[in-house]
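Hi there,

Here is the model I promised to pass on. Have a look at it first, and my notes follow below.

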Amino acid sequence: MTAGEKAKAKIEQVEGKAKKAAGRAIGNDRMAAEGQAEKTTGDAREAKEKMKDIFKR
């Protein structure tokens with residue numbers, strides 16, 4: 001996994017988790033849903049990079 005892509009995935013995961021928590025804390029369902037979507041995108045990016053590494057070997 002390239003370091004840049006790995007970092008990008010982790011950043012998306014952390015930002016999404018924070019946004020989701022903030023949305024829930026203030027009662028904003030839309031913000032919480034957007035945060036979950038960002039986290040899921042980060043999870044998918046990380047999974048894609050891991051699969052690329054597996055098939056490179």
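Which residues make a nonpolar surface patch of about 360 Å²? The patch is made by Met 51, Ile 54 and Phe 55. For patches, residues need over 30% relative accessible area and no salt bridge, with nonpolar side chains (Val, Leu, Ile, Met, Phe, Trp, Tyr) joined within 5 Å and like charges within 9 Å. Areas come from the Shrake-Rupley method with a 1.4 Å probe, and for residues only the protein chains shown count as cover.

Before going on, please note that this is a predicted model, in which local features need pLDDT of at least 70 and side-chain atom pairs count only at pLDDT 80 or more, while totals for chains, interfaces and linings use all residues. Residues are numbered from 1 along each chain as its sequence is written, and side-chain values use heavy atoms, leaving out hydrogens and water.

Phe 55 sits in helix 2 (residues 29-56); helices here are DSSP runs (H or I, at least four residues), numbered from the N terminus. With 67% relative accessibility, Phe 55 counts as exposed (buried is under 20% relative accessible area, exposed over 50%, partly exposed in between, using a 1.4 Å probe and protein chains only).

Now the helix pair. Helix 1 (residues 3-26) packs with helix 2 at an angle of about 160°, their axes being 7 Å apart (axes are lines fitted to C-alpha atoms over the stretch in contact, and angles run from 0 to 180 degrees between N-to-C directions). That makes the two helices roughly antiparallel, a label for angles over 145 degrees.

Glu 46 is buried at 15% relative accessibility, whereas Lys 10 is partly exposed at 38%.

Glu 12 and Arg 45 form another, with the closest N and O atoms 3.1 Å apart. Glu 12 lies in helix 1 and Arg 45 in helix 2, so they tie together parts 33 residues apart in sequence. Both Glu 12 and Arg 45 are buried.

Within helix 2, Arg 30 and Glu 34 are four residues apart, about one helical turn, and their side chains meet in a salt bridge at 3.3 Å, N to O. Arg 30 and Glu 34 also belong to a network of salt bridges with Lys 19 and Glu 38.

Best wishes

Notes:
Salt bridge = Lys/Arg side-chain N within 4 Å of Asp/Glu carboxyl O. Parallel < 35°, antiparallel > 145°, perpendicular 65-115°, else oblique.
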